[in-house]
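Please look over the structure shown here with its ligand site in mind.

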Amino acid sequence: MPRKEFFGGNWKMHHTLKSALIFFRDMPPEKKGKEIVFFPPFPLLLPLKDKLGDSFRLGAQNCFYEEQGAFTGEVSAWMLAEEKIPYVIIGHSERRSLFGETDEIIRKKTEAALRNGLKPVICVGETLEQRDKNRHFKIIENQLAQALRDIDLPSAETLIVAYEPVWAIGTSRTASPAQAQEMHAWIRKNLQSFRLPSQDIRIIYGGSVKPSNIAELMACPDIDGALVGGASLNPKDFASIVHWEK
Ligand code: PGA
């Protein structure tokens with residue numbers, strides 16, 4: 001079975017409910033063979049779910065690993081599951097660099113997401129300095145091992161790994177298809193060494209994905225989709241990314 005293409009629209013801290021509804025008015029629906037998930041800011045999740053019904057899939061940009069308690073400002077994986085928000089991004093580089101998320105925190109969040117039946121999109125990526133020092137493979141191997149070694153995975157479709165080189169996020173500088181493919185193949189090899197169903201797990205690329213570069217990225221054998229930031233804020237751009245053509 002070929003891996004189903006996965007596209008995530010990571011809206012980060014953008015859009016109001018009003019502008020989001022205008023967005024969805026202009027966004028064509030999901031097509032067969034593709035999984036398209038929108039990750040709006042927290043306050044938009046439940047009203048959007050209410051208004052959109054089953055026509056679009058939704059996920060959260062983050063979650064906390066404890067279920068309930070005195071954790072001001074946090075939203076738990078359990079709460080997302082209770083509200084039937086099925087997807088969650090974990091370990092985005094902005095969470096790692098701006099909010100101090102360590103590999104250990106990311107591991108706990110991953111376990112909490114899976115324990116609650118959510119589908120986590122686990123982000124990994126190296127900085128420019130790490131790449132310049134030729135440490136990128138080791139860095140990604142470590143991030144993967146910390147987050148995923150010995151996890152209990154109910155099925156291959158449950159987990160999505162996003163390779164997002166930090167130097168390519170929001171910079172207009174995309175990894176070349178060759179650089180991305182090389183790292184995606186490395187990620188798949190690592191998943192295999194953790195005894196995960198590596199051939200069936202989706203590995204998606206993120207970092208300045210645009211309508212103009214999606215086809216060359218998707219032509220790579222180990223690239224199964226994209227996590228899109230800036231270009232997912234506009235329905236026309238995002239639609240031409242998810243419905244890319246050769
Ligand atoms: P970008 O962001 O597409 O704006 O580079 C990607 C991401 O951070 O997920």
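**The ligand and the spaces around it**

Of the 13 residues around the ligand, those that come nearest are Lys12, His92, Glu164, Gly170 and Ser208, where a residue is near a molecule if one of its heavy atoms lies within 4 Å of it. The model is a predicted one, in which local features need pLDDT of at least 70 and side-chain atom pairs count only at pLDDT 80 or more, while totals for chains, interfaces and linings use all residues. Residues are numbered from 1 along each chain as its sequence is written, and side-chain values use heavy atoms, with hydrogens and water left out.

By class, the shell around the ligand is made up of 4 nonpolar, 7 polar and 2 charged residues; here Ala, Val, Leu, Ile, Met, Phe, Trp, Tyr, Cys and Pro count as nonpolar, Asp, Glu, Lys and Arg as charged, and the others, Gly among them, as polar. A polar side-chain atom of His92 lies 2.6 Å from an oxygen atom of the ligand, and for Glu164 the corresponding distance from a polar side-chain atom to a ligand oxygen atom is 2.7 Å. Asn10 also has a polar side-chain atom 3.4 Å from an oxygen atom of the ligand. Taken alone, the ligand exposes 280 Å², of which the protein buries 94% (accessible areas by the Shrake-Rupley method with a 1.4 Å probe).

In which pocket does the ligand sit? The ligand sits in the second largest pocket, a pocket being an open set of points, on a 1 Å grid over the protein atoms alone, with protein on both sides within 12 Å along at least five of seven lines, and its lining residues having an atom within 4 Å of a point. To sit in a pocket, a molecule must have more than half of its atoms within 2 Å of the grid points. This second largest pocket has a volume of about 230 Å³, and among its 17 lining residues Gly170, Ser208, Gly229, Gly230 and Ala231 lie nearest its centre. Its lining has 5 nonpolar, 9 polar and 3 charged residues.

The largest pocket holds about 450 Å³ of space. Of the 18 residues that line the largest pocket, Lys12, Met13, Gln61, Arg95 and Phe99 are the closest to its centre.

The residues that line the largest cavity include His92 and Glu164, together with Gly91, Ser93 and Arg96.

Key
A polar contact is a pair of N or O atoms within 3.5 Å; within protein, one must be able to donate a hydrogen and the other to accept it, and residues adjacent in sequence count only if both atoms are side-chain atoms. On a 1 Å grid over the protein atoms alone, a cavity is a set of points where a 1.4 Å probe fits but cannot get out, and a pocket is an open set with protein on both sides within 12 Å along at least five of seven lines; lining residues have an atom within 4 Å of a point. Grid points are joined across faces, edges and corners, and a volume is the space filled by probe spheres set on the points.
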